[in-house]
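Good morning, and thank you for making time for this item.

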Amino acid sequence: MKKSTDYGKSCTSSGGTCRLCLRVGDCLVPIFAEEETSKQLLSRISDCCPITLLENDDLPKTICRECEEKIAVTFEFRELCRKTERILKLQYDLRRTNESNWRIVSRHLLNYMVTED
Ligand SMILES: [Zn+2]
């Protein structure tokens with residue numbers, strides 16, 4: 001007798017183990033599918049987790065909804081850190097540029113004052 005496999009529309013894969021937390025579940029998301037969401041998920045996992053994901057190994061190719069959520073939060077946090085660093089470096093560069101401009105201006109001012117005498 002066949003078991004019912006109606007898991008609802010939100011589940012893209014049924015039955016299996018999460019590649020990231022080992023949870024066994026019915027509602028798992030594939031990471032090597034053709035869909036854009038899977039591709040994005042795969043690149044985010046590679047970006048945020050110190051693991052290597054290969055399509056042709058024997059390890060699980062799905063992750064659970066909780067891990068999908070955690071990856072989204074982690075990715076957002078990483079993006080925030082990157083953005084902050086860009087802003088801080090820009091501010092630092094700007095300050096440095098202003099300081100060197102000030103040195104140039106003050107040298108000119110000094111030259112001007114010297115030649116005036
Ligand atoms: Zn998981």
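Two remarks on conventions come before the rest. This is a predicted model, in which local features need a pLDDT of at least 70 and side-chain atom pairs count only at pLDDT 80 or more, while totals for chains, interfaces and linings use all residues. Residues are numbered from 1 along each chain as its sequence is written.

Let me start with the fold. The chain contains two helices and four strands; these are DSSP runs, helices being H or I of at least four residues and strands being E of at least two, numbered from the N terminus. Their order along the sequence is β-β-β-α-β-α. As for contacts, meaning pairs whose C-beta atoms, placed from the backbone, lie within 7 Å, 58% of those with a separation of 6 or more join residues 24 or more positions apart.

Next, the confidence. The mean pLDDT, the predictor's confidence in each residue from 0 to 100, is 85 for the chain, and 85% of the residues score at least 70. Residues 1–9 have a pLDDT below 50, and this stretch makes four contacts in the model beyond near neighbours in sequence.

I turn now to burial. A residue is called buried if 20 or more other C-beta atoms lie within 10 Å of its own, exposed if 12 or fewer, and partly exposed in between, with C-beta atoms placed from the backbone. Of the 117 residues in the chain, 11% are buried.

Which residues form the largest nonpolar core? There are 10 of them: Leu20, Leu28, Val29, Ile31, Leu41, Ile45, Ile63, Cys64, Cys67 and Ile71. At least two residues of this core come from each of strand E3 (28–30), helix H1 (36–48), strand E4 (62–64) and helix H2 (65–116). By nonpolar core I mean a set of buried Ala, Val, Leu, Ile, Met, Phe, Trp, Tyr and Cys residues joined through C-beta atoms within 7 Å. In soluble globular proteins, nonpolar side chains tend to be buried together.

Ile71 is one of these core residues, and its place is in helix H2. It counts as buried because it has 21 C-beta neighbours inside 10 Å. Apart from neighbours within four places in sequence, Ile71 contacts Leu41, Arg44, Ile45 and Cys48. Ile71 and Ile45 are 26 residues apart in sequence, yet their C-alpha atoms are 6.6 Å apart.

An unreviewed UniProt entry carries the annotation "binding site" for Cys18, Cys21, Cys64 and Cys67. These four are spread over 50 residues of sequence but cluster in space, the largest C-alpha distance being 8.2 Å. UniProt positions are given in the numbering used here, feature names are shortened, and annotations may be inferred rather than shown by experiment.

Why is Cys64 classed as buried? The reason is that 22 other C-beta atoms lie within 10 Å. Cys64 belongs to strand E4, and, residues up to four places away in sequence aside, it touches Cys18, Cys21, Arg23, Gly25 and Leu28. Cys67, by contrast, is found in helix H2. It is buried as well, with 21 other C-beta atoms within 10 Å. Its contacts, again leaving aside neighbours within four places in sequence, are Cys18, Leu20 and Cys21.

Leu22 sits in the loop between strand E1 (16–17) and strand E2 (24–25). Its phi is near 75°, a positive value in a residue other than glycine. Leu22 counts as exposed, since it has 9 C-beta neighbours inside 10 Å.

Asp26 lies in the loop between E2 and E3 and is partly exposed, with 13 other C-beta atoms within 10 Å. The C-alpha atoms of Asp26 and Gly15 are separated by 4.3 Å, although the two residues are 11 apart along the chain.

Phe77, in helix H2, counts as exposed, with 11 C-beta neighbours inside 10 Å. Phe77 and Cys48, 29 residues apart in sequence, have a C-alpha separation of 10.0 Å.

How values were computed: Contact = placed C-beta atoms within 7 Å.
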